[in-house]
Amino acid sequence: METLTEIADVIARHVSNDGFHATPIERVTLVRSSTVTMPMPNVYRPQLCLVAQGHKEVTLGDCVFSYAPGRYGVVTYDLPAIGHVVEATPDKPYLCLYLDFDPVMLGDLALRVPPSPGAPSPPIGKTVSDAGAGLLDAALRVLRLLDDPAALPVLGPLAEQEILYYLLAGPDGARMRHITSSQGRVAQVGRAIAWIGKNFRERFSICGGRHESVESVRAFSRRDGADAAAIPEAA
């Protein structure tokens, strides 16, 4: 796939060292790893992860999500998960692009992009899918702006909106729309998990009023089939 190859080439050209690298494009991060990595726990923010080269796996509860070149993952609310690179070499490193979601931009687009036909997607906070030609083209246009800083202030937001458009119009559209609802149950769960991520070293009880958000996580899990295994137990 020529587009995917060019995406990998652009990433490799701009990140010569392993690690996470911020870019002049707001909300875009590039990642490189020349070796496989140990499984590491992390709290994933609402974002897109598009793999251009190499493989990685992310474990969420009992689910294992496999990322291969040309596959992308979408996280729609803060989630504790375990991820690691499972295929990478110095000659062919793992390369990927992260795009953090801007809820304001996403909310504006959600009002203008009709929902995709079919049954609504269940509100699980993470999915992995094959990227279509439109999404890959949009990602490449974003990355090309790294070589055209004069155009970045004007074309950057447009290219980012194009990526969000394809996500909203595609199979993950229903999940993406949950990000725009600050009062929805998914958003409430995200805030609760974010609180747990910041306070996991402290002892707390789900019975106390101060931690009602924790109980809402478990209530959501029982009611909607979310991954209860991904939710830390209260001490």
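Strands (E, at least two residues) and helices (H or I, at least four) are DSSP runs, numbered from the N terminus.

I note that this is a predicted model, in which local features need pLDDT of at least 70, side-chain atom pairs count only at pLDDT 80 or more, and totals for chains, interfaces and linings use all residues. Residues are numbered from 1 along each chain as its sequence is written, and side-chain values use heavy atoms, without hydrogens and water.

I then looked up the partners of strand 7. Strand 4 (residues 47–53) pairs with strand 7 in the antiparallel sense over four bridges; pairing requires at least two DSSP bridges. Val74 is the bridge partner of Leu48. Strand 10 (residues 126–130) also pairs with strand 7 in the antiparallel sense, over five bridges, and Val128 is the bridge partner of Gly73.

I turned next to helix 2 (residues 103–112) and helix 4 (residues 152–169). Which residues meet there? I found Met105, Leu106, Leu109, Ala110 and Arg112 of helix 2 meeting Pro157, Glu160, Gln161, Leu164, Tyr165 and Leu168 of helix 4, contact being heavy atoms within 4.5 Å. The residues of this contact divide into eight nonpolar, one polar and two charged, where Ala, Val, Leu, Ile, Met, Phe, Trp, Tyr, Cys and Pro count as nonpolar, Asp, Glu, Lys and Arg as charged, and the others, Gly among them, as polar.
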